[in-house]
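Here is a short briefing for a first look. Keep the sequence and the 3D view open as you read.

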Amino acid sequence: MSNKIKIFVQRVKVLIQNLEAEVLASCRVGADVYLLRLQAPTIAEIARPGQFVHVRCSETLDPLLRRPLSIHDIGDGGGLVFLYQVRGRGTAWLARQQAGSRIDILGPLGRGFTLTTNKRIALVAGGLGIVPLLFIARQALENGNQVDFFYGARDRERLYQRETLQAMGVNLLLATDDGSAGFRGPVTKLWEQYLKERRYERAYACGPREELAEFAHLAARYDIPAEVSLEERMACGLGACRGCVTTLRDTTGNRYYENVCTGGPVFDAAAVEWEG
Amino acid sequence: MEQAGNRPAVNLKGQAGGVPFNPHHQETAPGVNLAVEIAGLRLANPVLPASGTFGFGAEYAPFVELNRLGAIVVKTITLHPTPGNPPPRLTETYSGLLNSIGLQNPGLEVFIREKLPYLRQFTPPLIVNIAGRTIGEYAELAARLSEAAGVDALEVNISCPNVREGGIVFGTVPAMAARVTAAVKGNTPLPVIVKLTPNVTDITVVARAVVEAGADALSLINTLQGMAIDIDTRRPALASVVGGLSGPAVKPVALYNVWRVARTVKVPLIGMGGIMTARDAIEFLLAGATAVAVGTASLVNPGALMAIIAGLEDYLLDQGLADIRDLIGALEI
């Protein structure tokens, strides 16, 4: 292959794509939580952990907007895997789609996690925060990292994808609010216990905002470079409308608004204004 | 400064027709004229992005061939950088989008330095949308953008519902709207398009006032003021409490306003509000708009502008029409 062609291929690879993907499988894995697999090889091959896909959840003009879904995993043969909770009319429509349906998707979008090699890292997932962290766990293991995966949920039934995580070879550390599995209490409390003894070179988190704030606080206290994946209501997904902003703080303490869709959804935990 | 009138004409009226429609073609189909004229600007077709939904163009480059647009319309520019409103800024309503962005933009200097060089490379006319907190700011924006190479027209935003100073205040009081228009006209040789709000008792009164003050064209409608409440938290869905409604939900209101204004003033109109398809666009042309702007549709389908342009050609060919201008104001009552 000539150099010219190589450069062309690389340029093509960064392109955001809008395509119709076939549903390979859709199954309910919890009370209102679904695992969805789409056939989208051209997106799957370039997607990075932490990136998302903007999914049209209607065949009509209502619901109107796409729904941003973080990429959960990359399956065999170009499969894109999503794990999502039915929260409204859009995700309810998505849950009704079955194998063979075609879904309009736009992606991969956003800035993903900063990857490392051969390090000890901590992943801290609260509830559905598991979604992007399973993808980075898989990538991190491939890159020779030692992965401590802290995973908290309300109860045992809500610890989705435990078997998948265990099979991947992460060191899985569970926490539940009711004590039905693992540590009783918030996952950040469990992580804090480990922080006292283990030195993590990087940490990544996704989950409820209060939990992320606590995660960021702990990461700062133990001086660990840390990233969080944020969620916000979104329209274009391309950085044009400025609808999905979150509040950040620059190094001098000035607050400003940054797009979650293009500036994130992954941010340096120390840059996020947790009060705002 | 390069004037749009010097650009290659795309009026192919009179050439041999009968060429089958090809959705992948890059050029206007032979035998079909899509070109229109707005305030001295020649547009290769009547389809524009609506300000605020298209960023500064580059965001949509993977999906929209910017050279195929009737014109490029960028997000509102203010004299100084504007941080915008606190999040959450968006919520979805039935077939609608409620937003309160608050005109977040990097300000005039950054626009000229960092955005304009990219935008200058495209052939369609560049329309820069401006908003001021005072009449003086509108005047200064107009003067400075007129000196910047590559700007072909100004769209004066006197209708943003989401900012505390300026914005809609200038658009709801006819005398104020006229003063802003006159101040901009007095400080630029460029065509001036004034963007109107529907949040008034009678939009034709404001339309007449700004046309008398010198507006070369009008664009309408900006978003409709609205709100949504989360009953679980008993809090407003938007941090700013109220926002502006757009999308298919507002289309009948937009069409009605365009139709009324078209019967009131002589200047060309850019119609907008909930246009999702070429058929929607044709409704606005029939109601009297010379061109249309597409906003929320691009947020849903990034290639919407291209599909609408192709759809207009398709419609003309299907109907055996040679010139899109024959549709403007052709509503039969």
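Strands are DSSP runs of type E, at least two residues in length, and are numbered from the N terminus. The model shown is predicted.

**Confidence**
- Chain A has an average pLDDT of 94, and 95% of its residues score at least 70.
- Residues 1-13 of chain A have a pLDDT below 50. Beyond near neighbours in sequence, this stretch has two contacts in the model.
- Where pLDDT is low, predicted coordinates should not be read in detail.

**Where the chains meet**
- On chain B, 29 residues are in contact with 25 residues of chain A.
- Strand S5 (90-93), strand S6 (96-99) and helix H8 (296-300) of chain B each give two or more residues to this side.
- The chain B side divides into 16 nonpolar, 10 polar and three charged residues.

**Around A:Val124**
- A:Val124 sits in strand S8 (residues 120-126) of chain A.
- A:Val124 is buried because 30 other C-beta atoms lie within 10 Å, and the cut-off is 20 or more.
- Its contacts include A:Phe150, A:Trp191 and A:Phe215.
- A:Val187 is 63 residues away along the chain, yet the two C-alpha atoms are separated by 7.2 Å.

**Backbone details**
- A cis peptide bond links A:Gly107 to A:Pro108. A:Pro108 is in strand S7 (residues 102-109) of chain A.
- The bond from B:Pro87 to B:Pro88 is also cis. B:Pro88 lies in the loop between strand S4 (72-77) and S5 of chain B.
- A:Gln161 has a positive phi, near 65 degrees. It counts as buried, with 22 C-beta neighbours inside 10 Å.

Terms used
Residues are numbered from 1 along each chain as its sequence is written. Chains are lettered from A and ligands numbered from 1 in the order in which they are written. This is a predicted model: local features need pLDDT of at least 70, side-chain atom pairs count only at pLDDT 80 or more; totals for chains, interfaces and linings use all residues. Two residues are in contact if their C-beta atoms, placed from the backbone, lie within 7 Å. Helices (H or I, at least four residues) and strands (E, at least two) are DSSP runs, numbered from the N terminus. Ala, Val, Leu, Ile, Met, Phe, Trp, Tyr, Cys and Pro count as nonpolar, Asp, Glu, Lys and Arg as charged, and the others, Gly among them, as polar. A residue is buried if 20 or more other C-beta atoms lie within 10 Å of its own, exposed if 12 or fewer, and partly exposed in between; C-beta atoms are placed from the backbone. pLDDT is the predictor's confidence in each residue, from 0 to 100. Lists of a residue's contacts leave out its neighbours within four places in sequence.
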